Amino acid sequence: MNAVIAVFLGLMAVVSAGALVVPHQQQQQSGDNDWDFILFVQRWPASACVNGHVTGGQAATPQKCSFPPEMAPNAWLMHGIWPTKTGTEGPVNCDKTAKWDINPVESLVPELKADWSNLESNTTYDSFWSHEWLKHGTCAQNLPALVGEFNFFNVPLTLREKFYDFHAALANKNILPDANRKYSHDAFAAALQTAYGSTAEVWCAYDKGTKEHYVAEIRLCLTKTFDLMDCPDSEVKPKSTLGTSSCPTSQELIYAPVKPTGVPILPRPTRPTPQ
């Protein structure tokens, strides 16, 4: 797959060369933005909304959760791509002067609403993307393929569509969302290992009321050339400040179905074909 990704990225660089020429937010950097690899993170919406509040969201305190009508059904959603230094949870917020500008990603908005959905109902529709750009995107600006807002969002959306359909990878091993069934951590890890040939991290949201662990995130580790790599052991943290943590290996996990909201799901947007 590495050769396929390399060819794909080469073609995409040509197509989006205009965006690469203008590094919109690369003018000023503050803080330490040295990093080793990329965390490619998708989240499962049902678990992100445990108890009706968003876990692993934009704020340190849980926010009211809802599923927007544009959200893709039965799909893992993009959470982010996070430049990461081995053994740390950063860097983050590398440009303290950066401002969010949605104009460079206007053409991606239908796809962002479907596949990078903001689940926090008491925030503006683009606040999650703003959060990801300011916290992580500003730290990715020393990687040419991710320079500027358009590339920072377009690259992971494209990788997700072409290579990393987590729902399909799990379904191929008969791991399906089911309120009446539980799975082992090993089952998830083995399914992802089979699909991608490298280790992945499975993270959970913990419900203090039911004392159950809900599968909430899957994290792949990518090199700076977007090749898959085994996630360093030091990347696994026992606890996160945002309500998720590495799933326990000794307890069964819940892969909850996404409950219908009564709001009609809008048609899935299609990616424009490069001319």
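Guide: A residue is called buried when its relative accessible area is under 20%, exposed when it is over 50%, and partly exposed in between (1.4 Å probe, protein chains only). This is a predicted model, in which local features need pLDDT of at least 70 and side-chain atom pairs count only at pLDDT 80 or more, while totals for chains, interfaces and linings use all residues. Residues are numbered from 1 along each chain as its sequence is written, and side-chain values use heavy atoms, with hydrogens and water left out.

Visitor: Is R219 buried or exposed?

Guide: R219 has 7% relative accessibility and therefore counts as buried. E217, at 2%, is likewise classed as buried.

Visitor: What is a salt bridge, and how many does the structure hold?

Guide: The term denotes a side-chain nitrogen of Lys or Arg within 4 Å of a carboxyl oxygen of Asp or Glu. The structure holds four. One of them joins E217 to R219, with the closest N and O atoms 3.1 Å apart.

Visitor: Which residue forms a salt bridge with K182?

Guide: The partner of K182 is E212, and their closest N and O atoms lie 2.9 Å apart. Helices (H or I, at least four residues) and strands (E, at least two) are DSSP runs, numbered from the N terminus. K182 belongs to strand β5 (residues 182-183) and E212 to strand β7 (residues 212-222), so the pair ties together parts that are 30 residues apart in sequence. K182 has a relative accessible area of 37% and is therefore partly exposed.

Visitor: Where do D115 and R160 lie?

Guide: Their side chains meet in a salt bridge (3.4 Å, N to O). D115 is in helix α4 (residues 109-115) and R160 in helix α6 (residues 148-162), so the pair links distant parts of the chain, 45 residues apart. Both D115 and R160 are buried.
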